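Dear colleague,

Please find below the structure that I am handing over to you, together with its sequence. My notes on it come after the display.

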Amino acid sequence: MYVCICQAITERQIERAVDAGIDSVEGLRDTLGVASCCGSCATTAEEIVAERKASRALPSPKIYRPATQPV
Ligand code: FES
């Protein structure tokens, strides 16, 4: 899905940028040009950044390890 129509930037490109360490709309503006023209994409871009950062912050799943059997 295109998020920034002016610069033809997709949601996937923003997610990749967040994965690479960009953590703000300002950072997206500097690297991809998001919100650098009309600015109407800024709110959506900010939501995508927040969602991506939150999903990366989730704890890893617990691994079930059965108790060892006494020999
Ligand atoms: S839609 Fe992103 S700057 Fe216009």
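This is a predicted model: local features need pLDDT of at least 70, side-chain atom pairs count only at pLDDT 80 or more; totals for chains, interfaces and linings use all residues.

Residues are numbered from 1 along each chain as its sequence is written.

The largest nonpolar core has 16 residues. Such a core is a set of buried Ala, Val, Leu, Ile, Met, Phe, Trp, Tyr and Cys residues joined through C-beta atoms within 7 Å. A residue is called buried if 20 or more other C-beta atoms lie within 10 Å of its own, exposed if 12 or fewer, and partly exposed in between, with C-beta atoms placed from the backbone. Among the residues with the most contacts inside the core are Val3, Cys4, Ile14 and Leu28. Two or more core residues come from each of β1 (2-4), α1 (11-19), α2 (25-31) and α3 (42-56); helices (H or I, at least four residues) and strands (E, at least two) are DSSP runs, numbered from the N terminus. Leaving aside neighbours within four places in sequence, Cys4 is in contact (C-beta atoms, placed from the backbone, within 7 Å) with Ile9, Val34, Ala35, Cys41 and Ala45.

In α3, the buried residues are Ala45, Ile48 and Val49. They lie on the same side of α3, because they cover an arc of only 100° around the axis, the arc being that of the directions from the helix axis to the C-beta atoms. The face turned away from this buried side carries the exposed residues Thr43, Ala50 and Ala54. The buried residues of α3 pack against β1, α1 and α2.

In α1, Ile14, Ala17 and Val18 are buried. Seen down the axis of α1, these buried residues fall within an arc of 100°, so they line one face of the helix. Arg12 and Asp19 are exposed on the other side of α1. The packing partners of the buried residues of α1 are β1, β2 (9-10), α2 and α3.

Ala8 is in the loop between β1 and β2 and counts as exposed, with 11 C-beta neighbours inside 10 Å. Ala35, in the loop between α2 and α3, is buried, with 23 other C-beta atoms within 10 Å.

Yours sincerely

Key:
Two residues are in contact if their C-beta atoms, placed from the backbone, lie within 7 Å.
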